[in-house]
Structures are given as C-alpha cells and as structure tokens.
Amino acid sequence: MVRGGALGLLGVGLLTVAGGVLGPLIGRTQPHQPMYPDNLLVTTPLKPVDPEVLKRADRLLLATHRARPGEDVWSIAKRYGTDGYSLLSTNGLEAYRPKAGQPVKVSNIPGFLYTVKQGETLRILLQRFQRGREHPELFLWEIIRLNDLPPFYAVAMAPPLPVGLPLFLPHVYPELDMFTFPNWRRTSGFGVRRHPLLRVRRFHEGWDLAKPYGTPVFPIRKGIVSYAGWKEGYGNLVTVRHSDGMESWYGHLSSVRTRVGRSVTRSTLIGRVGSTGLSTGPHLHLEVRNRQGNPINPSEGQNYILRYKRSSK
Ligand SMILES: [Zn+2]
C-alpha cells in the first residue's frame, strides 16, 4: 500500500500510469512518491473507491465502480460527480445498464478515457477531438496538465505518445452509436389515441415533438439516410438506417436537407420542422423502428440496441 491512503493511491490512478510509462523515457523523478508503485502498469485495473472521494477531489481521479443491481450509467455518474455520456464514452455502450458486479471505469471530470494508438501524437489527437473548440491550445494544455504529461508533447514536432497510454480527454464525447433524444415538448406519445384530424382511434407509431416551424432537425443516432422525400401521411420524411438495422423516422418536415445514401451523425442537419402531410401544426413526428421494421416506443430504442448487440456476440 502506498503511504497517503486511498487518495494517494488513487489520486494518481491514471496519472501514475502516464508517469510510469513516460518516467523511464524522460528520466523524470517524483521525489514525494515511490518511483514504481505496483499499480503503475497500464494493464493494472483501477481500484474501487468511495464515490465521495472522487466527488470532492480537485484533480482528475479515476477508479473502478462495481455495478449494483438496478444501476445505470446516469445513476453511477451522479454519485461520482460526472455524467452518463462520459461513462459511456469510456466504457462503451455495454455500460448503459451494467449487470450487477460489472466493472465500470469512472472519472470525476466529464470526458473520455482514450487509449493511445500507434503513431499518435498530441497534435493528431487535438485535431481529431478539438471539434468546435474556441481555444484549441487551451484544450491541449488541459490534456497535458490533467494527464501529467511532459510539456514537450505539446510542440508540433513532438514524438508519438507511447502506444497503449491511457489519456484522459476532458469534455470529449466521441460519437456514440446510441439514441439521444432532443428534450422537446412531447405533445403525443406512442400508443393508441384519437387521431386529431381523422377523428378515429388509431395507433400512434411514434412521438410528436412540438417545435416552431423551421427548427433544425438532427438525427437521434448516427447512420445512413434510407429515405428522403414525400410519403403519404408523413409529408416530407427522412429515415435513417442504423448499424444494427434499426431505423429512425422524421416526419412532417418543412424541408429535407439530405439525400438517400448520405452518412449522418447527430450533428448533421437533415431537415427542418414543418407541418407537411397529415398534420395540424408544426411539429416533428419521430419514430423508431426495430430490425423487423415495426415501430417501437422510442424510449425502448436503447434496450433494442443492447439486445441486438448482445445477441450478435
Ligand atoms: Zn405523430
């Protein structure tokens, strides 16, 4: 056990990993710490820790959480002071609703624990992950500071980072292959209802989300556009096919801004809110369909992804 207790040991969970790999390369010494505590190896699993320790710390800490029955990424993240997207980015979609006892890597800062690949430099990673940041240089120095990297990695001609190095990228969320819904007001849900125009009881195969005419519409999950045009009842419709064969449908659009075959992510504009087709006013009709082409309650989408993912193993 390293002196200084749990915090001392865990306080440098990731950081000592970085130091451990880089230490020998650059001959750095850390006077107040043993040079090679036994958790230095990149392959060493992170330890479990009291969530409050992570929550209160004023530096980056990483640990392992053992999932309890009924927990999901959001409830776990809340306990450690981070968010669900961070946990999903680091652990993959399997962590969405982990099985009891399943290990989940947690950090106390939102972001993504990345593993360095062959030939990657900080500059390469910066280009890939800085997307839309106003001050990329600040982002670069934040990575260096949090990961305790030697500053020379910041220079343009710096050598590649060690392969396999765990590198924490603050506030980075890679494009996750999952559904994320806009928090737009839902005026009609999934299920039987009295149709507002046809005045008959009819199954409503999706959600109606109210938004003003012209509001940009983005896909709720990445995929390939499988339909873009007019369809009876739906008006202007875009459908996106996802990696597991599920689809998301976007109806009543005032305009369509994509074409069949286009690859789209959650940040690709595909159309604008309208009131085309059988519609009483501007709103988005959002549908999620399973692999058999049947509409499902969009809120169930995530469970289907996991089911398909697990069954394909
Ligand atoms: Zn609808």
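**Reading strands and helices in a predicted model**

Q: Which residue in S15 is the bridge partner of Pro-216?

A: In this predicted model, Pro-216 has Arg-272 of S15 as its bridge partner.

Q: Why do the buried residues of H6 line one face of the helix?

A: An α-helix has 3.6 residues a turn, so residues three or four places apart point the same way. In H6, which covers residues 122-129, the buried residues are Leu-122, Leu-125 and Phe-129. Seen down the axis of H6, these buried residues fall within an arc of 65°, and so they line one face of the helix. They pack against helix H7 (136-147) and strand S4 (166-170).

Q: How are H4 and H5 packed, and at what angle?

A: Two packed helices are described by the angle between their axes and by the distance between those axes. Here H4 (residues 73-80) and H5 (residues 84-91) pack at an angle of about 110°, with their axes 8 Å apart, which makes H4 roughly perpendicular to H5. On the H4 side the contact is made by Val-73, Trp-74, Ile-76 and Ala-77, while H5 contributes Gly-84, Ser-86, Leu-87 and Leu-88. Sorted by class, this contact has 6 nonpolar residues, 2 polar ones and no charged ones.

Conventions
Residues numbered from 1 in each chain as written. Predicted model: local features only at pLDDT ≥ 70, side-chain atom pairs only at ≥ 80, totals over all residues. Buried ≥ 20, exposed ≤ 12 C-beta atoms within 10 Å, placed from the backbone. Helix = DSSP H or I, 4+ residues; strand = E, 2+ residues; numbered from the N terminus. Arc of directions from axis to C-beta. Contact = placed C-beta atoms within 7 Å. Axes fitted to C-alpha atoms, helices over the stretch in contact; angles between N-to-C directions. Parallel < 35°, antiparallel > 145°, perpendicular 65-115°, else oblique. Nonpolar A, V, L, I, M, F, W, Y, C, P; charged D, E, K, R; others polar. Pairing = 2+ DSSP bridges.
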